Amino acid sequence: MKKVYMDYAATTPVKKEVLDEMMPYYTTHFGNPSSIHSFGRETRKAVDQARDRIAKTLGTKSDEIFFTGGGTESDNWAIKGVAYALKNKGNHIITTKVEHHAVLHTCQHLEKEGFEVTYLEVDEYGLINLEDLKKAIKDETILITIMYANNEIGTVQPIKEIGKIAKDNKIIFHSDAVQAYGSFPINVDELGLDLVSISAHKIYGPKGIGALYARRGTKIFPMIHGGAQERRRRAGTENIAGIVGFGKAAELANENIEAHNKKIITLRDQLINTLMEKIPYSKLNGHPTKRLPGNANISFEFIEGEALLLSLDMVGIAGSSGSACTSGSLDPSHVLMAIGLSHEIAHGSLRLTVGDFTTTEEVDYVIEQLPKIVDRLRQMSPLYEGVKGGNNNV
Ligand SMILES: *Cc1c(COP(=O)(O)O)cnc(C)c1O
């Protein structure tokens with residue numbers, strides 16, 4: 001059977017060039033970088049090189065990059081790390097209603113510990129309002145954490161403007177840039193970022209490895225205690241092969257962002273435009289232009305998203321009905337709720353994300369299959385009955 005992967009926002013395959021660089025660090029180059037001998041020095045050097053590579057992509061110094069176990073850990077560390085370090089200064093955190101659960105659930109946890117969190121509303125496109133942000137700031141505000149680009153609907157926030165507001169008010173600014181990294185050039189000084197979360201497996205690197213950029217002088221409490229690794233901030237023997245793979249993937253992802261985006265945007269727009277044209281009662285979610293190059297998120301009325309995903313899976317198409325974490329639960333996505341969709345319409349949404357290995361043929365296949373499936377599911381929907389048949393009985 002044909003298999004078409006359109007879930008690049010959930011994870012990506014490891015590129016061959018990346019895996020090739022990683023392999024020796026599982027076998028011959030296995031030393032512990034904390035060891036004094038040549039085996040240790042060899043892996044120490046590899047970790048240093050990967051750190052340099054990642055620092056370069058963010059326009060930072062290597063000693064401001066800390067390796068973690070992924071985007072989730074980086075988000076947890078940034079938020080709890082600042083909260084605990086600055087709790088004597090203030091207890092107020094500002095975030096948004098559309099963050100990834102790694103940020104939202106961390107904030108909710110801190111609320112139970114006595115911190116106060118403001119969850120900013122977003123407009124119909126998923127954008128925050130900068131005036132709302134300014135109004136939310138108080139003397140007790142110690143952290144602003146706002147994602148760079150949304151993993152479900154692809155909307156890109158005005159990061160530079162947020163950075164300026166944070167700086168004017170001397171508040172630490174963290175951004176979950178897991179989706180944006182590799183899709184947009186990120187220079188932490190230009191954008192006014194103090195803390196940035198990134199993850200390897202969203203950019204064709206391995207799973208289970210990420211990093212936190214922390215501006216020099218940013219007060220952040222260590223969350224994992226033990227050895228002196230990561231300059232005493234994040235203990236534990238390093239995931240050397242993962243780090244090496246992350247370094248290579250980061251370099252590749254940041255090499256030719258513009259040319260690369262052009263290709264992906266073409267595929268995405270072909271998908272969005274044709275599906276919207278072919279399928280009545282459909283609506284694009286997220287901002288029409290301020291969005292991730294690979295993200296298409298469309299709601300189809302009178303459809304159940306889970307049924308749609310299953311039908312797509314039967315013809316080999318892999319998509320998502322929201323974020324991977326919410327699939328399988330019956331609660332509609334918090335992001336789709338925040339942009340004002342009704343429960344019914346939120347339930348009928350589909351996220352298709354394209355990436356480096358997506359082909360025009362694959363897009364054509366989805367364009368051929370999806371309208372047929374939507375139509376078939378609608379024929380079975382009692383809600384659709386009244387709409388299509390001239391409403392004789394209404
Ligand atoms: C995938 C993702 C995460 C979590 O990263 P992991 O490396 O899978 O833990 C966090 N935030 C966003 C926006 C993501 O897309």
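Predicted model: local features only at pLDDT ≥ 70, side-chain atom pairs only at ≥ 80, totals over all residues.

Biologist: Fine. How many salt bridges does the structure hold?

Modeller: There are 18 salt bridges in the structure. One of them joins the side chains of D356 and K15, at 2.5 Å from N to O.

Biologist: What does E251 pair with?

Modeller: E251 makes a salt bridge with R53, and their closest N and O atoms are 3.0 Å apart. E251 belongs to helix α9 (residues 240-253) and R53 to helix α2 (residues 38-58), so this pair ties together parts 198 residues apart in sequence.

Biologist: How accessible are E251 and R53?

Modeller: E251 is partly exposed at 29% relative accessibility, whereas R53 is buried at 13%.

Biologist: Which residues are linked in a network of salt bridges?

Modeller: That network links E21, R53, K248 and E251.

Biologist: OK, what about E73?

Modeller: E73 forms a salt bridge with R234, with 2.7 Å between the closest N and O atoms. Here too the pair links distant parts of the chain, 161 residues apart: E73 is in helix α3 (residues 71-85) and R234 in the loop between α8 (229-232) and α9. R234 counts as buried, at 18% relative accessibility.

Biologist: Changing topic. Where is V14 found?

Modeller: V14 is in the loop between β1 (4-5) and α1 (16-22). V14 counts as partly exposed because its relative accessible area is 34%.

Biologist: Which residues does V14 touch, leaving aside neighbours within four places in sequence?

Modeller: V14 is in contact with L19, M22, Y204, G205 and P206.

Biologist: How far is V14 from T237?

Modeller: The C-alpha to C-alpha distance between V14 and T237 is 23 Å, and they are 223 residues apart in sequence.

Biologist: Now helices. How do α10 and α14 pack?

Modeller: Helix α10 (residues 257-278) packs on helix α14 (residues 360-379) at about 15°, with the axes 10 Å apart. That angle is why α10 counts as roughly parallel to α14. The crossing of α10 past α14 is right-handed.

Biologist: Which residues make that contact?

Modeller: From α10 there are L267, Q270, L271, T274, L275 and K278. The α14 side brings T360, V363, D364, V366, I367, L370 and P371. By class, the α10 and α14 contact has 8 nonpolar, 3 polar and 2 charged residues.

Biologist: And how do α11 and α14 cross?

Modeller: The axes of helix α11 (residues 305-314) and α14 come within 10 Å, crossing at roughly 135°. The two helices are therefore oblique to each other. α11 also passes α14 in a right-handed crossing.

Biologist: Who meets whom between α11 and α14?

Modeller: A307, L308, S311 and L312 of α11 meet L370, I373, V374, R376 and L377 of α14. The residues of this α11 and α14 contact split into 7 nonpolar, 1 polar and 1 charged.

Definitions and conventions:
Residues numbered from 1 in each chain as written. Heavy atoms only, no water. Helix = DSSP H or I, 4+ residues; strand = E, 2+ residues; numbered from the N terminus. Buried < 20%, exposed > 50% of the residue type's maximum accessible area, 1.4 Å probe, protein only. Contact = heavy atoms within 4.5 Å. Axes fitted to C-alpha atoms, helices over the stretch in contact; angles between N-to-C directions. Parallel < 35°, antiparallel > 145°, perpendicular 65-115°, else oblique. Left-handed = near helix turned anticlockwise from the far one by under 90°. Nonpolar A, V, L, I, M, F, W, Y, C, P; charged D, E, K, R; others polar. Salt bridge = Lys/Arg side-chain N within 4 Å of Asp/Glu carboxyl O.
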